[in-house]
Amino acid sequence: MAAKKTLVIVESPSKAKTIAKFLGGHYKVLASVGHVRDLPKSKLGIDIENEFEPQYISIRGKGDIIKELKKEAKNASKVYLATDPDREGEAISWHLAFLLGIDADAPCRIVFNEITEKAIKTAIKSPRPIDIDLVDAQQARRVVDRLVGYQISPLLWRKIRRGLSAGRVQSAALKILCDRENEIKEFKPEEFWNITAEFEKEKNFTAKLTEYKGNKISIENKEQNDEILKQLDSGKYVVSSVEEKERMRKASAPFTTSSLQQDAANKLNFSTRKTMMVAQQLYEGVEIKGRGTVGLVSYIRTDSVRISDEARAVAREYIETKLGAEYYGGTVYSNKKKDVQDAHEAIRPSYADLEPDAIKDSVTKDQYNLYKLIWNRFIASQMAPAKFMAVSAVISNGDYDFKAVGSKLLFDGFLKIYTSAKEKEEDKILPDLATGEELKAIKVEGEQNFTQPPSRFTEASLVKELEDKNIGRPSTYAPIVATLLDRKYISKDKKSLVPTELGFIVIEMMAKYFKEIVDVSFTAQMEDDLDDIEIKGVNWRKVVDDFYGTLKEELEIADKEIEKVEFEVELTGENCELCGKPMAIKYGRFGSFAACTGYPECKNTKPLTQSTGVKCPKCGKDIVVRKSKRGRVFYGCSGYPACDQSYWNKPINKECPKCGELLVEKKGKDAKYVCSNSACDYKE
């Protein structure tokens, strides 16, 4: 009879594969594939009268997985629950313990911050009970969000439009975006002028007028500008002071989830959702040539900038060996928020000596770029500061003072590895200047300017705003933006997030009837309350009860007072093929679709399609934009399923001169258009 094995349960199959490699034949590693129990989708699922007791059920479609886990747990010598080291992961372990009949107070839970052999084996040696405070914090968030979503959303459906939703964090984020848009609309530009002077020297340089009689100067119109220029013209320019000072610029701390999302948006043009998806792949494990499956980065959901002593030591060895001892800085970073959970480290490479170029041939382009960003930031965080010689000179003309600044890089330090846009500035060196020296101005001029409105939020700047205001948590930032876009509350204009008319209507109603839900300080306080459940053991049911008391009253008032919003019918420009009446755009919980305006007599509906303006070569109908089951865009005949003509690349109204098939747009350096026939090599 074979010896029983120890069963280790994680969330994802790729994570299971990476861990199994380290544990050997005495262990079996299986994946729960995320949550196994949750609140039902078909109803509220919370017994409000019974202290908000959640009515959990096994998730539909997870039956076979649960059956296999029960079977393997029954035959195992021991079961370790190794889900992610956060509230969500702790809750998954708690639900697994319930389903598998494991005592939650027994040492059944193991946690690790990175998927390396040492981290996994260390965790196996020190199992602990399930942390019920962590679980309760997750339960409180889940229950509060369910109460908001399942009680306000139906109200929005009845009063505004089907398919809408409200959320505790989502609504506060939408309010921030709408408030900014209102600021932009109401902004009144104010005129101001800047005066600069170019001085003759062995190397000419420019200075800006900054003070008058020792006070900051403000030039509001052309008359003031011209009067000052007139006074300057009759005076002399004399260097009144020159100051040289060595300055240092320290490296940024290693990434938190928030700062990673911001940097990936700014440098890689990644959405927050894409950043988290690619980061999850790097954390769970990627197949590396010659090394097998490797977890490349530490846990990716963290508020902490702390790193372990072991990671610091590896970074130090790398820096001193590869770059030189003078490049090692060894900065220790501390968390600004006093209650931030320090169980996790910052996001860093699992193997600091594994350079990005060493994995380039084994990973996707996105994985390489994000890993390189994380690796560079971590190594740079342990490097010495950059040193600059900063020079500032004041040139006076009577009561007017001009200021010129220069800077020269003395030692690149961390800039050798990691730079941002502001750190890429070239040296700006001033010529040698002496106090009392008289200068010749070869050009003095004023320039008219106007104050600018605040800029719209991008995904990166919204994430920063949410973090600064303590709204949501790192793991929620990506789904917040995605939900607002999916619900058509906002749209994207290049990188900017712009509230739609629908977004303004929803937030106006929410702000009037559900003040706390959209109030930034209230939402931030709720985050603190959730933290208190986790950190201080505060009763989660009391936190929910305090919240629900106000929400219940507001729901009753809103339902009575809100009048239904009537929207102008949006027509598709097509007529119904069944009854001939116009087709209109309608909205449901799964997005927009086309429906006959003759409803309820005619119930014809169909997906919305976007025409390419190209006719199908087989049947003559329009080629339209479609999406595959995996969400990939392709181009297919609108006559489907009768006609199955399709293309992965966008077709154009031009036939191939060699074979007669349609040409398609091809992304790449060599050709703009290629033949859609794979057997034909024509391109242009």
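**Entry 1: Ala20**

I looked up Ala20 and found it in helix 1, residues 13–23. Helices (H or I, at least four residues) and strands (E, at least two) are DSSP runs, numbered from the N terminus. I am working from a predicted model, in which local features need pLDDT of at least 70, side-chain atom pairs count only at pLDDT 80 or more, and totals for chains, interfaces and linings use all residues. Residues are numbered from 1 along each chain as its sequence is written, and side-chain values use heavy atoms, with hydrogens and water left out.

**Entry 2: His95**

I then went to His95, in helix 3, residues 87–100. Its relative accessible area is 3%, so His95 is buried. The His95 side chain has a polar contact of 2.9 Å with the side chain of Arg37. A polar contact is a pair of N or O atoms within 3.5 Å; within protein, one must be able to donate a hydrogen and the other to accept it, and residues adjacent in sequence count only if both atoms are side-chain atoms. With neighbours within four places in sequence left aside, I list Val36, Arg37 and Tyr56 as in contact with His95, contact being heavy atoms within 4.5 Å.

**Entry 3: nonpolar cores**

A nonpolar core is a set of buried Ala, Val, Leu, Ile, Met, Phe, Trp, Tyr and Cys residues joined through side-chain atoms within 4.5 Å. The largest has 68 residues, and Val8, Phe112, Leu296, Leu370 and Ile379 touch the most other members. Helix 12, residues 365–381, gives the most to this core, with nine residues. Apart from it I found another core of 58 residues, including Ala140, Ala166, Ile176 and Leu497.

I followed up Phe112: not counting residues up to four places away in sequence, Phe112 touches Lys15, Ile19, Ala82, Pro85, Ala119, Ile120, Ala123 and Tyr283.

**Entry 4: whole chain**

I noted 18 helices and 29 strands in the chain. Of its 684 residues, 45% count as buried. The C-alpha trace spans about 95 × 70 × 70 Å along its principal axes. Among contacts with a separation of 6 or more, 66% are between residues 24 or more positions apart.

Notes: Buried means under 20% relative accessible area, exposed over 50%, partly exposed in between (1.4 Å probe, protein chains only).
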